[in-house]
Amino acid sequence: MSHPVKGCGIGLRFQHIDTIADSKPPIPWLEILTDNYLLPGSVQQDYLFEIAEHYPLTFHGVGMSLGSTDPLDTEYFSRVKALVERVNPAWVSDHLCWTSVHGLVTHDLIPLPYTDETVRHAARRIRQAQDILGRRLVIENVSSYLQYQQSVMSEWDFLCAVAEAADCDILLDVNNIYVSACNHDFDPLAYLNAIPVQRVREIHLAGYEDRGTHLLDTHGYPVSAAVWALYAQAIQRFGAVPTLIEWDNNVPELPVLLAEATKAAEVQARVLA
């Protein structure tokens, strides 16, 4: 039975795994990068099974390639399903994008053209994925650095349409909204205000890098002041949604990461007081 996920957690990173396994610091919940734990019998899985006994967990992946035209990777999904059945995380999430084509993995989260045809295509594949895993998926909005001439709707309308057609939940990455809003010159509040409250299951926060010509979602810095302000607006609209601090590059010491999670909890408390 999975533990309930509440409050503000952090991503489980290998730099901290021994400390967390040994000293079990008070962390509300942890999110794992699913793809790092899929090898049966691996040391990584041993760590995961031990930590799962003490912390609420969610699974977050990058390998489903839900927007690709390739068939779903049955071997990948069979491994995810086996791990899900063993650990029973509170939920399983991946991104609304494509990460592979013609059997080649891009190692990047590439956005989709926002068209009615793509809505139907992505929703059909998410329903397939949900049928395979036997549970509802949570899909995340990605940051983007390009736009397609074929797009006929906004990103937020596309996200809402896919979630409605697939009947899945949404992992709302507030940092990604801010990064894409700056890169493509749209109002991030228009994005937030369009998302149906009842579908938002989780919020992600992370740090970006200012490259001068654009913002890059690097997950390598503290959450920026602008993103904290947008997060407060998100909490005002969506309530006390479980929130996760993502930090994948230049990973700091565990206390620094936990301080960011505490700051998110303080924002929630202040906004909802």
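Predicted model: local features only at pLDDT ≥ 70, side-chain atom pairs only at ≥ 80, totals over all residues.
Which residues of α4 are buried? They are Thr118, Val119, His121, Ala122, Ala123, Arg125, Ile126, Ala129, Gln130 and Leu133. The helix itself runs over residues 116–133, 18 residues in all. At 1.5 Å a residue α4 should span 26 Å, and because its end C-alpha atoms are 26 Å apart, the expectation and the model agree.

Now for the rings. How many aromatic pairs does the structure hold? There are 9. One of them joins Trp228 and Tyr231 in an edge-to-face arrangement, with 6.0 Å centre to centre and 70° between the planes. Both Trp228 and Tyr231 are buried. The two belong to helix α8 (residues 225–238), and they are separated by about one helical turn because they are 3 residues apart. Elsewhere, a single aromatic cluster is formed by Trp156, Phe186 and Tyr191.

A ring also meets a charge: Arg86 lies over the face of Phe49.

Here are two of these ring arrangements, side by side:

| Residues | Arrangement | Distance |
|---|---|---|
| Trp228 and Tyr231 | edge-to-face aromatic pair | 6.0 Å centre to centre |
| Arg86 and Phe49 | Arg86 over the face of Phe49 | 3.8 Å from the ring centre |

Key. Residues numbered from 1 in each chain as written. Heavy atoms only, no water. Helix = DSSP H or I, 4+ residues; strand = E, 2+ residues; numbered from the N terminus. Expected span 1.5 Å × (residues − 1). Buried < 20%, exposed > 50% of the residue type's maximum accessible area, 1.4 Å probe, protein only. Phe/Tyr/Trp six-rings, centres within 6.5 Å; stacked < 30°, edge-to-face > 60°. Lys NZ or Arg CZ within 6 Å of the ring centre and 35° of its normal.
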